[in-house]
Amino acid sequence: MEPLLEVRNLVTKFKTDAGIVYAVNGISYSLARGESMAIVGESGSGKSVGVLSLIKLIPVPPGRIDDGQVIFKGRDLLTLAPEQLRKVRGKEISMVFQDPMTSLNPVLTIGLQLTEALEEHEHISRAAARKRSVEMLELVGLPDAENRLNDYPHQFSGGQRQRIGIAMALACKPDLLIGDEPTTALDVTIQAQIVELMKELQKELGMAFIWITHDLGVVADLVEQVAVMYAGFIVELASVDDLYHRPGHPYTLGLLESIPNIEGKEERLIPIEGRPPDLHQEPRSCPFAPRCRYVIDRCREAVPPLEEHSGHQIACFRAEEIQDAQRDPVKLAALVTPAKQAAKAAVARSDAPSARQKVLVKVENLKQHFPIRRGIIQRQVGAVRAVDGLDFEIYQGETLGLVGESGCGKSTTGQAILQLLKPTAGRVYFKDKELTGASKKDIRAARRDMQMIFQDPYASLNPRMTVGSIIGESLRIHNIGDRSSRQERVEQLMALVGLNPNFINRYPHEFSGGQRQRIGIARALATNPAFIVADEPIAALDVSIQAQVVNLLDDLRHEMGLTYLFIAHDLSMVRYISDRIAVMYLGRIVELGEGDSIFVQPLHPYTQALLSAIPIPDPDRASRRQRIVLEGDVPSPANPPSGCRFHTRCAYATEICRREDPQLRSFGNGLQHVVACHHAEQFV
Amino acid sequence: MDYAIRRILINIPILFIVTVIIFLLVNLAPGDPVDFYVNEEMGVTRDDLTHLEEKFGLNDPIYVRYFKWLGATLQGDLGFRYKNGDDVAEVLFERLQRTLLLMGAALLLGVVIGVTLGIYTGLHQYSIADFLLTTLSFVGISMPAFIAGIFGLYFFSVKLGWFPSGGMRTIGKPETLLDLLHHLVLPAGTLAIMYAANFMRYQRFSILEVKRADYIRTAQAKGLKPRIITWRHTVRNAILPVVTVIGVTVPNLVAGALFTETIYSWPGMGSLFVDAVAARDYPMVMGIMLVTAVVVLGANLITDLTYSLVDPRIRYD
C-alpha cells in the first residue's frame with residue numbers, strides 16, 4: 001500500500017549571523033494512513049523544524065529547505081505552488097502547537113478562530129461552520145461549547161486552550177495531524193487528559209498522527225512507531241516495543257537510562273555526559289560521538305547511515321552489538337570504550353543518612369495570601385490563597401520533595417520559608433529560631449544558611465555579571481573573606497559543581513543550560529549553607545542534562561551534609577532524589593510520607609492520580625496500568641471548593657467531603673505517613 | 001465599565017494637582033503684571049500701579065488668590081485679560097478651536113501616513129521600499145518642527161508658491177472650506193512629518209514582532225489565505241501597541257503646534273501664549289496651561305479607553 005506520507009532526505013538549514021545552523025540533515029521516514037508515530041528528541045535535535053518543513057512553516061529567511069522530497073498522497077509538497085500548499089495546510093495536514101497560551105490569537109474569539117478554517121477549506125456557511133465548531137469542541141471535551149464560542153482565549157485555562165487548539169486542527173478532518181510538543185507546557189494530570197483524548201480521537205477519526213516530544217515516556221502507549229532524533233539526524237527508527245526493549249543507538253539507550261524508574265528503588269541515574277551538540281558545524285562524523293560511551297575511531301570519521309538492523313533502523317556503527325545487549329547493564333558495560341570506563345564507573349548511591357532526629361526547618365500553619373483588588377478604589381475583595389495552612393518539618397540532612405501542579409502553591413511555600421515573601425500567617429522556624437517576625441538584620445544573617453536554586457537558568461543569572469562575580473556575590477554581601485580568598489573559594493566551588501575554574505571570567509551566555517544551572521548551584525553553595533530550597537531546578541533542562549544535575553545535587557548533599565526542599569512537578573525525579581515527599585493541592589498538603597510508602601501505597605486520591613499520570617517509558621507497563629484521568633481543571637485558589645478541596649475532581653467524593661475539611665491523619669508506620677482524606681482507610 | 005469609571009475618576013486629583021502647579025509656577029515667577037504698565041512717556045505713577053494691584057487683587061495672600069481663581073475656574077470663568085479686559089475663556093475657546101484643528105489635522109495625517117507605511121514596510125521587510133522609507137523616517141524623526149517649518153515655507157510657499165505662507169484664510173476672499181484647507185496644508189504637514197516617521201517605525205516594528213508570534217504560525221498552519229492572515233491576524237494585533245504610542249505623543253504635539261503656529265502665523269494658542277507670557281497676562285497664561293493639561297489628560301484617557309475596546313484582555317480587568 002502506498003504510504004500517506006513519505007519523507008525523503010529532508011535537509012533544512014538556517015542562515016544566521018553566527019553562520020549556518022544545520023538543523024535537519026537528511027531525514028527519511030514514512031507513515032501509512034491511520035498510523036501514529038512519535039519523533040523524540042531534545043532541544044536542538046531538529047524535531048520541530050523537521051515537521052514544520054513538511055508544510056513549509058519554517059520562517060524563510062533565515063530558514064531554507066535545501067534538499068529532499070515530502071511525498072504526501074502522491075504529490076511532493078516541497079515543489080507545490082504556494083496556493084496549492086495552502087490548501088493542504090489545515091485541510092489535509094494540520095498542526096497543534098506546544099504553548100496553548102501563545103498559539104491562539106488573543107484578540108479574536110475562539111468561535112472565529114475555529115470557523116475561519118472551515119469556511120476557507122469546506123466553503124460552508126458561517127452558521128454551518130459554527131455548528132461544526134460546536135461539535136468539534138464537544139468532541140474534545142470542552143464543557144458548554146455552544147455558549148463559549150464568543151469567548152476569547154484568555155478566558156480559558158491552559159488545558160482548555162489546548163483542547164481548543166486540537167479542535168481547531170481537527171475541524172476539517174485532516175488525514176494527518178501533527179502535534180508539536182502539545183503537552184509539554186501542561187501539568188501532568190492535564191497531560192494525561194490530552195493523551196487519553198488523542199487516543200480516543202484517533203480511534204474515532206482514524207487519522208494518522210505525528211507526535212513530537214522530548215519525553216520518551218509520554219508516547220510509550222500512544223504511538224506505533226518512534227523516531228529518535230539527535231543533532232538533525234534520525235538516529236533510530238523502530239516500532240515502539242522494539243525501541244524500548246532493544247534500543248540500538250547509544251543515545252536512545254542514554255535517554256532511557258537517564259529517566260528514573262518509578263517502580264522499585266533505583267540505582268544511581270546514568271546521565272548522558274557532555275553538552276548538547278553544536279549545530280554550527282557541518283556534520284562529518286557521528287554527531288553523538290563526543291558524548292558516546294561506546295565510541296570507536298570509526299565514529300569520528302564518518303556519519304553512520306540509518307540502516308536496517310533486524311526490523312530496526314539505526315544510525316550507529318555498533319548498533320548490532322548494542323542491540324544484542326538488550327539493555328542488560330553487564331553486557332553493555334563490556335561494550336564501553338576503555339577510555340570512557342572511568343567516567344562510567346559511578347559512585348554507588350549511598351543511602352540517605354537516616355539520622356533524622358534533628359529538625360532543621362519547622363513550618364506551622366503557614367499561610368500566604370495575595371490580595372485581589374477590584375473596583376474604583378481598589379478595595380480588597382478577596383485573596384488568592386496560594387498557601388493556606390501548612391504544617392511540616394524538614395529534618396537535618398534529608399531531602400523533602402514538594403510536588404504538585406502549577407498553582408498549587410509549592411513555589412510560594414519555598415519563598416515563604418526563606419522569608420522572600422512575608423507570610424500572611426503562621427510561623428517558620430529555622431534551627432529552632434523563629435524567622436517569621438525576626439528583624440531584617442536577623443533574616444539577612446540567617447540567609448547565609450539558607451539558599452535557593454531557581455528554575456530557569458537563563459533568567460536567573462545576571463547577564464552582565466561574570467560567573468565569578470555571580471558565584472562570589474553572596475560572599476561579598478556577607479563580608480566573608482578577602483578578595484583573594486573569595487576568588488579561591490569561587491574556583492573551588494566551580495570545580496565542585498563540575499565547571500572549569502578557568503572560565504571564572506566568562507559571562508552566562510557562554511554556557512549551555514545545564515552548565516548555567518551548575519553556576520546557579522555553585523552560587524547557592526557559596527556561603528556554605530545548611531538548607532537549600534531548589535525550586536524546580538531541572539524543569540527547564542533537557543532530559544539528558546536533568547540526570548546530570550540531579551546526580552550533582554545528590555552528591556553535594558552527601559558531601560556537604562545539606563538539607564533540601566526539592567520543589568518539582570516531575571514525580572519520578574522527586575522520588576529519585578527525595579527521602580520524604582509532600583504532595584500539595586490548592587495550597588494544602590494532602591499527603592506526606594516516605595518516598596516509598598507514597599509511591600507504593602498512595603493514600604490520597606490526588607496522589608494516586610498524579611502517580612498514574614507519570615509517563616512510563618515502557619510500552620508494556622504503560623498499557624497495562626490503569627490510568628486515573630482527573631476531569632476538569634484545578635479550581636481557582638481564590639475561591640477553593642468547600643470541605644475537601646479536591647472533592648470537585650475526586651472519584652471517591654461523598655457528602656462528607658463536600659462538607660468537612662479533612663485534617664491530616666497518620667497512617668501506617670508511626671507518624672511517617674500522613675493523609676488528609678476522609679476515605680483514606682479504604683486505600684490502606 | 002468599572003475600568004472606564006476608575007480611569008475617568010483618576011483624572012480629578014491629577015487635574016487638581018495641575019491647577020496648584022500652574023498657579024504656583026505663574027505666581028512665583030519673577031516679575032509682576034503691573035510692570036507691563038510702567039510707561040514713563042504716559043506718566044504712569046506709583047499710585048496708578050498700586051491702584052492696578054488693588055484692582056487685580058494682587059495684594060491678597062497667595063492661597064486666597066488660588067482659591068478665588070480655582071472657584072472661578074470651576075464655574076468656567078477664567079477671568080479677564082490684564083492687557084485689554086477681554087474674556088479669557090472666550091478668547092481661549094476661539095484660539096483653542098484653531099489649534100485643535102491644526103493638531104487634529106497633523107495627528108490624522110501622521111497616523112494615516114505613519115501607520116500605513118509602517119504596515120507596508122513591516123509586511124515587506126528588506127524590500128527596496130522598506131529600505132528607502134526606513135531611511136527617510138530617520139530624517140523625519142531627527143527634524144524638529146521648526147526646521148521642517150522653515151524648509152516647508154521656503155520651498156512650497158516662497159519658491160514654488162503652491163501654498164500661502166501664513167494665516168488661516170485669504171484676506172478679502174469669502175471664507176470657504178477649500179481656502180481653509182489650502183492654508184492648513186503646510187502647517188499641518190510640517191507638524192505631521194515627525195509623527196508620521198515615528199508612528200511608522202513603531203508600526204513596522206510591531207508588525208515584525210507579531211509576524212513571529214505563535215498564533216500567526218497557527219493561522220498559517222490552518223491554511224488561511226495570506227490576505228486573512230495579514231489583516232485579521234497580523235495587523236489587528238500589531239496596531240494595539242501603536243495606539244498607546246499615539247496617545248503618549250499628544251503632549252508632544254501640543255508643544256510642536258506652538259512652534260508651527262508661530263512659523264506660519266496660524267492664529268491659534270501658540271501665538272496667544274507667546275503674547276500672554278510677554279505681557280505677564282496671568283489669567284491668560286494660566287488659562288492656556290490649564291486647557292493644555294486638559295487636552296493632554298483627555299488624549300491619554302481616550303487612548304486607554306480605546307485600548308480597552310480593541311484588546312479583549314483588558315476588558316475583564
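What should the 13 residues of helix α6 (residues 158-170) of chain A span at 1.5 Å a residue, and how far apart are its end C-alpha atoms? I looked this up first.

**Conventions.** I note that this is a predicted model, in which local features need pLDDT of at least 70, side-chain atom pairs count only at pLDDT 80 or more, and totals for chains, interfaces and linings use all residues. Residues are numbered from 1 along each chain as its sequence is written, while chains are lettered from A and ligands numbered from 1 in the order in which they are written.

**Helix α6 of chain A.** I took helices (H or I, at least four residues) and strands (E, at least two) as DSSP runs, numbered from the N terminus. The expected span, 1.5 Å times one less than the number of residues, is 18 Å for α6(A), and its end C-alpha atoms are 18 Å apart, which agrees. I then checked burial, calling a residue buried if 20 or more other C-beta atoms, placed from the backbone, lie within 10 Å of its own. Eleven of the 13 residues of α6(A) are buried, so the helix is largely enclosed by the rest of the structure. Among them are A:R161, A:R163 and A:I166. I found that their cover includes β6 (93-96), α3 (110-122), α4 (126-139), β7 (176-180) and α7 (188-205) of chain A.

**Sheet of chain A.** I traced an open sheet of eight strands, with mixed pairing and the order β18-β19-β20-β15-β21-β22-β24-β23; strands pair if DSSP finds at least two bridges between them. β18 (450-453) and β23 (665-667) of chain A stand at the edges with a single partner strand each, so one side of each lacks a neighbour in the sheet. The twist averages 20 degrees from one strand to the next. Angles run from 0 to 180 degrees between N-to-C directions, with axes fitted to C-alpha atoms, for helices over the stretch in contact. β22 (residues 588-594) and β24 (residues 673-675) of chain A run antiparallel and are joined by two bridges. There I located A:E591 opposite A:V675.

**Chain B against chain A.** With contact meaning C-beta atoms, placed from the backbone, within 7 Å, I found 22 residues of chain B in contact with 26 residues of chain A. On the chain B side, α9(B) gives the most, with six residues. I recorded 13 helices and zero strands in chain B, whose C-alpha trace spans about 85 × 55 × 35 Å along its principal axes. Buried residues make up 32% of its 317 residues.

Notes
Buried ≥ 20, exposed ≤ 12 C-beta atoms within 10 Å, placed from the backbone. Contact = placed C-beta atoms within 7 Å.
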